[in-house]
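This briefing goes through selected local features of one protein model and its ligand. Please keep the sequence and the 3D view open while reading.

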Amino acid sequence: MIKLVDLNAQYQSIKAEIDEAIAKVIADAAFISGKYAKIFEEEFAAYLGVKCCIGCGNGTDALEILLKALGIGPGDEVIVPAHTWISTAESVTTAGATPVFVDTTPALYTINAALIERHITDRTKAIIPVHLYGHPAEMDTIMAIANSHGLKVLEDCAQAHGATYKGRKVGTIGHAAAFSFFPGKNLGAYGDAGGMVTNDESVAQVARMIANHGRLGKHDHALEGRNSRLDGLNAAVLSAKLHHLEAWTEARRSLAAVYDEALEREGVAVPLSLPDCKHVYHLYVVEVAGRDAVRDSLALRDIETGVHYPKALPFLKAYARFAHQQEEFPVAFESTSRILSLPMYPELQVDSAKQIAAILAESLRNSDLESSEQTLSNSSTGKS
Ligand SMILES: *Cc1c(COP(=O)(O)O)cnc(C)c1O
């Protein structure tokens, strides 16, 4: 059985470091925020090259709290891509504002920057580009549009730890950025965890207050916030793992190259990676015709795959209130029936990747064969 992601394989490879880190937190009883959270915040800020990092409960909270810290709330509109995980749009709603969907760029899966301006209204206050699957969004164009319209840019980096755009790490380009440390993300905790980063100290201060009951100091509540803090155990796990992140990213990139080589030969649409960007392959997503049948045949050979995501956000029941039509988001709509995420994690063996690619190619040939046989039998009975 080859899993889509194998978190245990990673734990086994660094077990001693993790076990020691966890034991220390328990011995110090530094469970909420505290010493280990502070250490991780400093290390992660240094890793990105950004002034401020604030740990929080999860990536969804990070987005919502940063929107509020950027001054976004009721009556405001925020532009988000149509194709992403629901948190990107959900956080806009929970911050009191309204998400406005924009279609994605074919093969890149990030927001189509050329379509943003036509969605800007008097109420637009921010854009949330998502570096989906680990590939950076078109940040130069997005920042130029934001600057000319006075909008804030909040980067959703939940899938893109360490990805770079023209040499700059994502999360350092916009006004602020949200990271998720959900266990399956490229840098993952052992539970829910998130991080907010920014170079703007006043935004950082407000975000830190909101995440901790609006507190400035003990019993000094300047405003009503909430409880969304990074816990010590997860912070210590993240610190232990951060030292391995670059090596893990390189392993992902090597596996992606193995897949690329084997699949391009077979005419499979492999993920695009722009030359001035560093893709970190949180997910390795191909596009194939007859995706569900291909997926089933891989499952029969014990290969787990995923679909990220089967429905673009505007078409979810959760957004039925906007009554969106398929024609409004043709790229997002059409790609959802073709996308297939192949197993991808740093510990995946190169031989396994080769085997997966071969089995995928074989099942594509079989499904081609079946559809041509279908055509043949239809024409022999006079049907077209
Ligand atoms: C995972 C994810 C989030 C949310 O992170 P959580 O930690 O699960 O709340 C936000 N945006 C994207 C694109 C994600 O993949």
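**Briefing: strands, rings and ligand**

Ile111 is found in the loop between strand 3 (98-102) and strand 4 (124-127). The model is predicted. Within it, Ile111 has 0% relative accessibility and therefore counts as buried, the cut-off being under 20%. From Ile111 to Thr198 the chain runs 87 residues in sequence, and the two C-alpha atoms are 21 Å apart in space. Thr198 belongs to strand 9, where it is one of the buried residues.

- Strand 9 covers residues 194-198, and five of its five residues are buried, so the strand is largely enclosed by the rest of the structure.
- In a regular strand, side chains alternate between the two faces of the sheet.
- On one side of strand 9 lie Gly194, Met196 and Thr198, and on the other Gly195 and Val197; all of them are buried, which leaves both faces covered.
- Strand 1 (residues 52-56) pairs with strand 9 in the antiparallel sense, over five bridges.
- Within strand 9, Gly194 is the residue that stands opposite Cys56.
- Strand 8 (residues 176-180) also runs antiparallel to strand 9, and four bridges join the two.
- Phe179 has Gly195 of strand 9 as its bridge partner.

- Another set of three strands forms an open sheet with antiparallel pairing, in the order 7-6-12.
- Strand 7 (168-169) and strand 12 (277-278) are at the edges; each has a single partner strand, so one side of each has no neighbour in the sheet.
- Two bridges hold the antiparallel pairing of strand 6 (residues 164-165) with strand 12.

**Aromatic rings**

- A pair of aromatic rings is described by the distance between the centres and the angle between the planes.
- With ring centres required to lie within 6.5 Å, the count comes to 16 aromatic pairs.
- Phe40 and Phe44 have ring centres 5.5 Å apart and planes at 20°; the pair is stacked because planes under 30 degrees apart count as such.
- Both Phe40 and Phe44 lie in helix 3 (residues 34-48), where they are four residues apart, about one turn of the helix.
- Phe40 and Phe44 are both buried.
- A cluster linked by ring pairs contains Phe101, Phe315, Tyr319, Phe322, Phe329 and Phe333.
- Tyr47 has the charged end of Lys169 over its ring, 4.5 Å from the ring centre.

**The ligand**

- There are 13 residues around the ligand, and Gly59, Thr60, Gln159, Ser180 and Lys185 come nearest.
- Thr60 places a polar side-chain atom 2.5 Å from an oxygen atom of the ligand.
- For Gln159, an N or O atom of the side chain is 2.8 Å from an oxygen atom of the ligand.
- Lys185 has a polar side-chain atom 3.1 Å from an oxygen atom of the ligand.
- On its own the ligand has 380 Å² of accessible area, and the protein covers 93% of this area.

Conventions:
Residues are numbered from 1 along each chain as its sequence is written. This is a predicted model: local features need pLDDT of at least 70, side-chain atom pairs count only at pLDDT 80 or more; totals for chains, interfaces and linings use all residues. Side-chain values use heavy atoms; hydrogens and water are left out. Rings of Phe, Tyr and Trp (its six-membered ring) pair if their centres lie within 6.5 Å; planes under 30 degrees apart count as stacked, over 60 as edge-to-face and the rest as tilted. Buried means under 20% relative accessible area, exposed over 50%, partly exposed in between (1.4 Å probe, protein chains only). A charge sits over a ring if NZ of Lys or CZ of Arg is within 6 Å of the ring centre and within 35 degrees of the ring normal. A residue is near a molecule or strand if one of its heavy atoms lies within 4 Å of it. A polar contact is a pair of N or O atoms within 3.5 Å; within protein, one must be able to donate a hydrogen and the other to accept it, and residues adjacent in sequence count only if both atoms are side-chain atoms. Accessible areas come from the Shrake-Rupley method with a 1.4 Å probe; for residues, only the protein chains shown count as cover. Two strands pair if DSSP finds at least two bridges between them.
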